Amino acid sequence: MGKTMNGCLGHSSTSTDSSELHILEHKLRVSNLKKKAISLYTHALIKISLLPQSKPRFFSFTETRDGYTIIVEDDLCKELPESESIDIPDLVWRVLSVSAGAYGNNQLTGISRIVKTVITPLADFKISVLVISTYQSDFVLVKEVDLDMAIKCLAQNYKVFKDSGSGLEPVMLSIGDRMAGMTKMSERKADEHRPIVHPFTCPRNRFHVTSLDCRILPSLTSIILDLMFYSNSSDDMGYERFFHISIVEGDISLVLDSEALSRFPQGSLYTNTFDEGWKMICVGDTPLGFEESGIVAQVSEPLTDASTSTFYISTFFYDHLLVPESEVEKAIELLSSLQVK
């Protein structure tokens, strides 16, 4: 199947009547599962995500060499057995999404389209974020305790709506709250890039951002199960294990390397007609944690200014940035020039 990747967040740098920020109803937990314990959690994860009756509103599963990052709704998190092998911090995360009507004519894909109006303001307010890019959209996660501040700093660019479960309700802000956000933004020059404080590496794998129709999921489940739970996760000659699947309101997205992609029948996945493949830049050599802010902004702002498309996957320990294969050398050179020595 051929499909243009037209569901990613995007907008012009100027707020318009169609620029809406939606605070989704979901309340999420982010957990890390140790590699050796995956067999203890297979049943629970299948029950949450892949059975015919499974209806997760937000489910994200990412395998890296360091473990499995699982992001799921608070109530479904209770399905995961308690053990010493899983770390579930006592943090609730809320999900921010930009409406499709705010895309504008910007041709960038992924978070490049929201860097200046979402990622940058949150970094300026020192609000820590996790980012999950999918084939259809991009989601910015903020801690629930930071949600009110996030709304205030983003209200200058968007009309803000909360999903109450029965519909979207506008969030009303005072002039003082809006002015506070504008003042904070003015403290840093628009063309001043942040120093990159964490090291980064670029594995040799060639990656793809794809999707599949939920109606054909049953015919592909065996392949997905194999990739999720039975992978050969050892690194080899500069290649790094990375597999991501997300299911958000019925939309299924995959980020996987060329070897994993080859296991799917031809035509079973949606791919961008112009997909040349993506290279991954892995950020961090020690766990980044959830308190530090500005990490996404550090690497995404200069690439956006250079008109480079970017997808982003945050995991429990590290961040993972995808750039077009043809632009990876330019991207690494640019980021290296900003790295703190």
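Contact here means heavy atoms within 4.5 Å of one another. The model is predicted, so local features need pLDDT of at least 70 and side-chain atom pairs count only at pLDDT 80 or more, while totals for chains, interfaces and linings use all residues. Residues are numbered from 1 along each chain as its sequence is written, and side-chain values use heavy atoms, with hydrogens and water left out.

The protein chain holds 9 helices and 16 strands; these are DSSP runs numbered from the N terminus, helices being H or I of at least four residues and strands E of at least two. Of its 341 residues, 55% are buried, that is, under 20% relative accessible area with a 1.4 Å probe, protein chains only. Among contacts with a separation of 6 or more, 80% join residues 24 or more positions apart.

Helix α8 (residues 295-305) packs against helix α9 (residues 328-338) at an angle of about 125°, their axes lying 10 Å apart; axes are lines fitted to C-alpha atoms over the stretch in contact, and angles run from 0 to 180 degrees between N-to-C directions. Therefore α8 is oblique to α9, the class left once angles under 35 degrees (roughly parallel), over 145 (roughly antiparallel) and 65 to 115 (roughly perpendicular) are set aside. From α8, V299, P302 and L303 meet A331, L334, L335 and L338 of α9. By class, this contact has 7 nonpolar, no polar and no charged residues, where Ala, Val, Leu, Ile, Met, Phe, Trp, Tyr, Cys and Pro count as nonpolar, Asp, Glu, Lys and Arg as charged, and the others as polar.

Helix α9 also contains E329. Because its relative accessibility is 67%, E329 counts as exposed, the cut-off being over 50%.
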